[in-house]
Amino acid sequence: MKSLVLKDLFNIAHNAKSMAIILLLFAAIFIPSSGAEGYLFISAILCSMMIVTTFAFDDACKWPRYALTMPLSKRDLVRGKFAVLAIFCTVGTVLGLLLGAVGGLLARKVSLEALPSLCFLALPAWGFAMLLGSLSIPLVFRFGSERGRILLILSFLVPAGLFLGAHRLLLLLGIELTGQVVLALLGVLPLFALLFGLLMEQVSVRVFSHQEV
């Protein structure tokens with residue numbers, strides 16, 4: 001597992017400079033207009049999307065075919081991708097938090113008293129990025145990295161639909177979305193993302209196991 005993770009991290013290191021420039025550019029655009037909170041989510045989501053790039057690298061060098069000649073199973077390859085996704089989400093969240101805090105203070109969009117709240121939002125930002133990335137992995141396994149990029153839009157629509165459905169369900173149950181309820185929902189989002197990731201891992205294993213490499 002460790003070697004699979006390191007392989008993807010070494011490959012994606014070539015794109016690190018480009019991603020850093022993109023994150024700085026987005027910080028300059030979104031923090032003054034939308035605040036550090038929105039940028040925190042954008043940073044986490046952008047980094048989570050790099051998981052699709054790792055599939056493109058694998059396809060270019062026929063990695064899955066070579067990997068399966070070693071003592072590795074398809075399940076191992078899938079688990080490696082989800083481990084890398086968790087790392088990407090974490091890095092994106094940390095960078096978004098740091099750049100958002102510094103940029104927010106400089107743009108006077110964040111006060112020192114609001115920094116604890118921004119730190120708390122790092123949890124749902126990580127969870128939301130993990131949800132999107134977890135949904136993209138089985139799509140790429142099924143349709144390939146090129147078509148998977150096109151279908152990546154589904155990774156945004158499906159979670160949005162889930163949140164909208166959950167909101168309507170709470171209203172039907174008579175649960176008012178007070179500030180405390182919203183904070184509780186945001187707090188459990190990372191746990192829900194982990195459970196969803198485990199489900200998508202099983203889906204990915206099932207999809208990948210039926211494919212020729």
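A: Buried means under 20% relative accessible area, exposed over 50%, and partly exposed in between (1.4 Å probe, protein chains only). The model here is predicted: local features need pLDDT of at least 70, side-chain atom pairs count only at pLDDT 80 or more, and totals for chains, interfaces and linings use all residues. Residues are numbered from 1 along each chain as its sequence is written, and side-chain values use heavy atoms, without hydrogens and water.

Q: Which residues are buried in α1?

A: Helices are DSSP runs (H or I, at least four residues), numbered from the N terminus. In α1, the buried residues are L4, V5, K7, D8 and I12.

Q: Why do the buried residues of α1 line one face of the helix?

A: An α-helix has 3.6 residues a turn, so residues three or four places apart point the same way. Seen down the axis of α1, the buried residues fall within an arc of 160 degrees, so they line one face. The arc is taken from the directions from the helix axis to the C-beta atoms. K2 and F10, on the other side of α1, are exposed.

Q: Which residues have the most contacts inside the largest nonpolar core?

A: Such a core is a set of buried Ala, Val, Leu, Ile, Met, Phe, Trp, Tyr and Cys residues joined through side-chain atoms within 4.5 Å. The largest has 51 residues, and L40, I51, L85, I137 and F141 have the most contacts inside it. Helix α7 gives the most to this core, 14 residues.

Q: What does L85 touch, leaving aside neighbours within four places in sequence?

A: Contact means heavy atoms within 4.5 Å. L85 is in contact with S48, I51, M130, G133, S134 and I137.

Methods: Helices (H or I, at least four residues) and strands (E, at least two) are DSSP runs, numbered from the N terminus.
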